[in-house]
Amino acid sequence: MSQPDVMQPQRKAAESEAGGLFTRIRSWDGIGLLGVLVLVFLVLAVTAPNFLSTGNLLNILQQAAFFGIVAFAMTLVIVAGEIDISVGSLAALSSALLGVMVVNLGWPMWASCFLVLVTAAAIGALAGWIRAVFGVPTFIATLALYLGLRGMAMLITDTFPIPVDSDKFFYWGSGKIAGVIPVPAVYLLVVFIVIAVIARKTVFGRSIYAVGGNAKSAELSGINVRTIRISVLAISALTAAVTGLLQSAQLSSGNGTIANGLEFDAIAAAIIGGAALSGGKGTIVGTLIGVLFIAVLMNGMVLLGVDPYAQQVVRGGVVLIAVLVNVWRSRRVATST
């Protein structure tokens, strides 16, 4: 008589778990984008000179940080069913304010940075309050800020950069840890982890998805929709200020002309990463892949000597394709339910 296989239940459990993992990977929306990112990376590795050099790869990470930090917060905004096009102007204003505070007013660097962050969060919260209380679409509210904040940044700097002479400050935007890892890339990783935890592991994060999915149902279930809308726009503004400070550090100046197009890169990364413009859907991991995709593509085109205007055409085309894929997925889900 043959002996029973005591390991059979464990093997079946392992096979079931492996099969479930494989199914989740196949159903993950970001798997297609990850494949495209790998394909683009391989093509550029063959065609673009010095693309695989350590210095260039680290440069990609550094440049990705300057819009990726905002893209993660923008994902929360889009998931909540909102949009924020003021982040570029707010980053410029944050930079300009820092220059005025440190150089013109002689305030300490730490105090100036803190006040810049608080001011930015308050401006974002104001946009959220206007949306929540008066029902003004965030596109309109943040469009007003997009115009006004950029003008204010130019006004207080008289359109000229304000030099900030500080080696420690310069290190924030251009320094390297152990002489290798760009400091902004570390900020990118930290913000990614923080917002990913907020999005998936907290009640606040789950409330954002609920509000974006159906605001009326979320309110009936006890979620304070106004607070969610104000909070996500305040977080978005805070990350814009962080980006403004990082770019100021890189340039060693308070500059009201920086961050042009930041809002579009951040929104594009979130959409490319799978965030639904209708709200209720999107992942921070997907946005990270979107950030890397844009950074790699832009870097590759520069190395290949592509005309800057042609680069804009390519970026617009990528965003359009991402939106079309987004709409197609939404319709597929709607017809299958």
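**A walk through the model**

Reply: By class, 6 nonpolar, 3 polar and 1 charged residues make up the lining of the largest cavity. Here Ala, Val, Leu, Ile, Met, Phe, Trp, Tyr, Cys and Pro count as nonpolar, Asp, Glu, Lys and Arg as charged, and the others, Gly among them, as polar. This is a predicted model, where local features need pLDDT of at least 70, side-chain atom pairs count only at pLDDT 80 or more, and totals for chains, interfaces and linings use all residues. Residues are numbered from 1 along each chain as its sequence is written, and side-chain values use heavy atoms, with hydrogens and water left out.

Me: What is the volume of the largest cavity?

Reply: About 40 Å³. The search of the whole structure finds 1 cavity of 30 Å³ or more. On a 1 Å grid over the protein atoms alone, a cavity is a set of points where a 1.4 Å probe fits but cannot get out; a pocket is an open set with protein on both sides within 12 Å along at least five of seven lines; lining residues have an atom within 4 Å of a point. Grid points are joined across faces, edges and corners, and a volume is the space filled by probe spheres set on the points.

Me: Which residues line the largest cavity?

Reply: Asp 84, Ser 86, Leu 90, Ile 123, Gly 124, Ala 127, Thr 142, Leu 145, Leu 233 and Ala 237. Two or more residues each come from α5, α6 (138-157) and α11. The largest share, 3 residues, is from α5. Helices (H or I, at least four residues) and strands (E, at least two) are DSSP runs, numbered from the N terminus.

Me: Is Leu 233 buried or exposed?

Reply: Leu 233 is buried, at a relative accessible area of 1%. Buried means under 20% relative accessible area, exposed over 50%, partly exposed in between (1.4 Å probe, protein chains only). Leu 233 sits in helix α11.

Me: Now the largest pocket. How much space lies in it?

Reply: About 470 Å³. The lining has 18 residues, and Gln 63, Phe 66, Phe 67, Asp 265 and Arg 315 lie nearest the centre.

Me: Which element gives the most to that lining?

Reply: α3, with 5 residues. At least two residues each come from α3 (54-79), α11 (225-251), α12 (262-272) and α13 (284-303). By class, the pocket lining has 9 nonpolar, 7 polar and 2 charged residues.

Me: Switching to charges. How many salt bridges does the search find?

Reply: The whole structure has 3 salt bridges. A salt bridge is a side-chain nitrogen of Lys or Arg within 4 Å of a carboxyl oxygen of Asp or Glu. One joins Asp 265 and Arg 315, at 2.2 Å from N to O. Asp 265 is in helix α12 and Arg 315 in helix α14 (residues 308-336), 50 residues apart. Asp 265 counts as buried at 16% relative accessibility, while Arg 315 is partly exposed at 22%.

Me: Which residues are joined into one network?

Reply: Glu 82, Arg 131 and Arg 229, through salt bridges that share partners. Glu 82 pairs with Arg 131, their closest N and O atoms being 2.9 Å apart. That pair links distant parts of the chain, with Glu 82 in the loop between α3 and α4 and Arg 131 in helix α5. Glu 82 also meets Arg 229, at 3.1 Å from N to O. Arg 229 is in helix α11, 147 residues from Glu 82.

Me: Are those two, Glu 82 and Arg 229, buried or exposed?

Reply: Both Glu 82 and Arg 229 are buried. For Glu 82 the relative accessibility is 6%. Arg 131 is buried as well, at 17%.

Me: And the backbone? Which residue other than glycine has a phi near 65 degrees?

Reply: Ala 259 is one of them, with a positive phi near 65 degrees. Most residues other than glycine have a negative phi. Ala 259 is in the loop between β4 (253-254) and α12, and is buried at 10% relative accessible area. Thr 159 also has a positive phi, about 65 degrees. Thr 159 lies in the loop between α6 and β1 (162-163) and is partly exposed, at 46%.
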